[in-house]
Amino acid sequence: MVAAEDVGTPAPASPLLLDPSVPGRFVWLSKRSGTFAPESVLPLGTKFKLSLRAGVKDAANRPVRVTLFAVAATPPMRIKGSVGVGYIDRS
């Protein structure tokens, strides 16, 4: 996907698209893989569709002929425990 000298650098435009859109930065970890870091915490209880940006090209400037479609979700908000204010145990 990218030349060896681009490994470890942010992509000018992320090859990965999230729907709903999430601002962030894509950094190449190798010539064929990378990581996306969102600018802020992702919202709870949200499903994201992941795909490749249209027109993505490899290091030789050829169109990438790979299809990516995945779904990821953040967990919903949950209450793990609570303390009753003013509760008195009379047992």
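Me: What makes the second largest pocket a pocket, and what is its volume?

Reply: The second largest pocket of this predicted model has a volume of about 250 Å³, a volume being the space filled by probe spheres set on grid points joined across faces, edges and corners. On a 1 Å grid over the protein atoms alone, a pocket is an open set of points where a 1.4 Å probe fits, with protein on both sides within 12 Å along at least five of seven lines; lining residues have an atom within 4 Å of a point. Of its 14 lining residues, the closest to the centre are Val2, Ala11, Pro12, Ala13 and Trp28.

Me: How is the lining of the second largest pocket divided by class?

Reply: Nine of its residues are nonpolar, two polar and three charged. Ala, Val, Leu, Ile, Met, Phe, Trp, Tyr, Cys and Pro count as nonpolar, Asp, Glu, Lys and Arg as charged, and the others, Gly among them, as polar.

Me: Which residues form the largest nonpolar core, and what makes them a core?

Reply: Val2, Ala11, Leu16, Leu18, Val22, Phe26, Trp28, Phe48 and Leu50, nine residues in all. A nonpolar core is a set of buried Ala, Val, Leu, Ile, Met, Phe, Trp, Tyr and Cys residues joined through side-chain atoms within 4.5 Å, where buried means under 20% relative accessible area (1.4 Å probe, protein chains only).

Me: Why is asparagine 61 called exposed?

Reply: Its relative accessibility is 54%, and exposed means over 50%, with partly exposed between that and buried, so asparagine 61 counts as exposed. Asparagine 61 also has a positive phi of about 65° although it is not a glycine. Most residues other than glycine have a negative phi.

Me: Which conventions apply?

Reply: Residues are numbered from 1 along each chain as its sequence is written. In this predicted model local features need pLDDT of at least 70, side-chain atom pairs count only at pLDDT 80 or more, totals for chains, interfaces and linings use all residues, and side-chain values use heavy atoms, with hydrogens and water left out.
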